Amino acid sequence: MRVWIVFLLCLAGHAMAAPTEEEPIVEEVVVEDAVVEEPFEEYPIVEEEPIVEEEPIEEETIQEEEVEVGANPVQVETGEFDEAIEVVEDVIAENPCLNHHCKKGKVCEVDESNSPMCVCQDPSTCPDSVGEFEHVCGTDNKTYDSSCHFFATKCSLEGTKKGHKLHLDYIGPCKFIAPCVDSELTEFPMRMRDWLKNVLVTLFERDEDNNLLTEKQKLRVKKIYENEKRLQAGDHTLDLLAHDFEKNYNMYIFPVHWQFGQLDQHPIDGYLSHTELSPLRAPLIPMEHCTTRFFEQCDADNDKYIALEEWANCFGIKEQDVDKDLVI
């Protein structure tokens, strides 16, 4: 018996010497009316992992990309383009050749002092002609690829006798043009007067946007257009053209003055030079072989210029009916 008592005392002493563990607090969880006891540790012991401090790289990058409140990100990003555009505008504004006009055959260049000057264009820089309709014939009976080639060549001959005599003769390649005899020369102004009258009437009919004729011109052409006695356009005999001119003379006065005003442009001085006549001569010569001789005859004083009085006389307009105010 004593042995058992000593044995029990030893066990008790050993148990008291061993460390005691806290019993976990039991929390009751009710699941479907059944009580389930689950252990709940009030202070769970978690093994801590070593903490690595992360550098806020992304956060700083985001802060750098932020734009001020109210700023347009697109404008901020394209700011450099605005400066480039301003530079281009400054260069254009400083180009002295922009508003400097050169006559045909010349181009503008800037000299050492940044001043514009006109120099002869190199014919090789002219664009190639598209077709034969762009060819022109010079008074030297030579065909040029285009009017650009012709005027560039003429410019290169400035100051020479050949250059002084060289003019644009007519549009199209050079061809044989029969000489104009006296009887044909008399007929030419009859057809020309009728043609000028019909051109004005056609412009009046088509001038819906008021950009073909001025108001003063339209008022004068309107009288011709509404006149019942007006000879309609057509292929008329020379006798009929002569009769109509005598009978309806007043209808032809303004068309002759109008054509003079259309040609007198460079400069507007009341005289027609050979160059100013070109827009009318060049298309007519291939169709009317008396054109050249007719205009030569108009220059009654042989001064190389045709005055208004000389022009009107060529078309049969009486001296008392020549009026500079009609050249609108």
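In this predicted model, R191 is partly exposed, with a relative accessibility of 30%. Its side chain forms a salt bridge with E288, the closest N and O atoms lying 2.9 Å apart. The two partners come from distant parts of the chain: R191 belongs to helix α7, whereas E288 sits in the loop between α11 and α12 (291-298), 97 residues away. E288 has a relative accessibility of 19% and therefore counts as buried, because buried means under 20% relative accessible area.

Helix α7, which spans residues 182-206, also contains E187. The relative accessible area of E187 is 25%, so this residue is partly exposed. Across space, the C-alpha of E187 lies 9.2 Å from that of A242, although 55 residues separate the two in sequence.

The structure holds 8 salt bridges. One of them connects R281 with D169, whose closest N and O atoms are 3.1 Å apart. This pair, too, links distant parts of the chain, with R281 in helix α11 (residues 274-284) and D169 in strand β7 (residues 168-171), 112 residues apart. R281 counts as buried at 4% relative accessibility, and D169 counts as buried at 16%.

Notes. Residues are numbered from 1 along each chain as its sequence is written. This is a predicted model: local features need pLDDT of at least 70, side-chain atom pairs count only at pLDDT 80 or more; totals for chains, interfaces and linings use all residues. Side-chain values use heavy atoms; hydrogens and water are left out. Helices (H or I, at least four residues) and strands (E, at least two) are DSSP runs, numbered from the N terminus. Buried means under 20% relative accessible area, exposed over 50%, partly exposed in between (1.4 Å probe, protein chains only). A salt bridge is a side-chain nitrogen of Lys or Arg within 4 Å of a carboxyl oxygen of Asp or Glu.
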